[in-house]
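Hi everyone, thanks for coming. I'd like to walk you through a fold today, starting with the sheet and then moving on to the helices. Let me put it on the screen.

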Amino acid sequence: LEKSVNNSDRELTELIKMESMRIGKLVDTFEKFGEIKSLDSSNFNVHDVLDRSIKSMVSVFGDETTVTKAYDPSLPDVFGDSDQILQMCQNILKNSFESFEGKIGKIKIQTKFKLGFKKLPLVILISDNGPGIPLKLRDQIFQPFISSKTQGSGLGLSLVSKIVSDHNGIIDFVTGDEGTKFRVLLPWKKIAKGIESDLEYMTVD
């Protein structure tokens, strides 16, 4: 395919190749959902991962939805598995895109460095103006096989929760009639096992 398209479409074929390889690994992961392999950790630029996530979702859902980025340019690298963080971002974004149900919506993606959070200072916020998560599902949205969609597998956000947990991070959300905001807190260096974080938990702002 790459050989038969013009230069303007080469970026899309490159994305297809990268996604195909990543999805192949994801299929292996789903076969043993409760036993996700150990992280292939390194330091990486999370903004590159977020941009790839946006591109892949826009290629599926189209560009009618307005996606706004508010990145902190001083943000240090995340320490973790970039493929799994990519999957995490895509799953959250997919939920936002699907929540609009064909209507034109807005998604905002922000990154911040939260001073004082020595173990988990890197903050990713993904918000939308969709209808919000149904009240009856809010307490169990991260559990496997819980979904508000008739064709949903209910694995998307449960996988998100597991990926964040495997990175010793935290995810939470606020939701209502005016939309949903997910917040992910991640480390910028390796956290030793058995050492409690000095993170002071807070509500999404």
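So, in what order do the strands of the open sheet come? The order is β2-β4-β5-β7-β6, five strands in all, and their pairing is mixed. Before we go further, please keep in mind that this is a predicted model.

At the edges of the sheet sit β2, residues 66–70, and β6, residues 170–176, each of them pairing on one side only. From one strand to the next, the twist averages 10 degrees.

Let's zoom in on one pair. Strand β4 covers residues 106–113 and strand β5 covers 122–128; the two are antiparallel and share seven bridges.

Helix α2, residues 46–61, lies across β2, β4 and β5, and runs at about 170 degrees to β4. Helix α3, residues 82–99, also packs on the sheet, where it touches β2, β4, β5, β6 and β7. The direction of α3 makes about 20 degrees with that of β5.

How do α2 and α3 pack, and at what angle? Their axes are 9 Å apart and the angle is about 40 degrees, which means that α2 is oblique to α3. The crossing of these two helices is right-handed. On the α2 side, the residues in contact include V49, L50, I54 and F61, and they meet a set in α3 that includes I85, L86, L93 and F97. Sorted by class, the residues of this α2 and α3 contact come out as twelve nonpolar, four polar and three charged.

From α3 the contact uses residues including I85, M88 and I92, and from α4 residues including L157, V160 and I163. By class, this contact of α3 with α4 has eight nonpolar and five polar residues, with no charged ones.

Finally, some charges. How many salt bridges does a search of the whole structure find? There are six. One to look at is E11 with K55, where the closest N and O atoms are 2.4 Å apart. E11 is in helix α1 and K55 is in helix α2, so the pair ties together parts that are 44 residues apart in sequence.

Terms used
Residues are numbered from 1 along each chain as its sequence is written. This is a predicted model: local features need pLDDT of at least 70, side-chain atom pairs count only at pLDDT 80 or more; totals for chains, interfaces and linings use all residues. Side-chain values use heavy atoms; hydrogens and water are left out. Two strands pair if DSSP finds at least two bridges between them. Helices (H or I, at least four residues) and strands (E, at least two) are DSSP runs, numbered from the N terminus. Axes are lines fitted to C-alpha atoms, for helices over the stretch in contact, and angles run from 0 to 180 degrees between N-to-C directions. Contact means heavy atoms within 4.5 Å. Angles under 35 degrees count as roughly parallel, over 145 as roughly antiparallel, 65 to 115 as roughly perpendicular and the rest as oblique. A crossing is left-handed if the near helix is turned anticlockwise from the far one by less than a right angle, and right-handed if clockwise. Ala, Val, Leu, Ile, Met, Phe, Trp, Tyr, Cys and Pro count as nonpolar, Asp, Glu, Lys and Arg as charged, and the others, Gly among them, as polar. A salt bridge is a side-chain nitrogen of Lys or Arg within 4 Å of a carboxyl oxygen of Asp or Glu.
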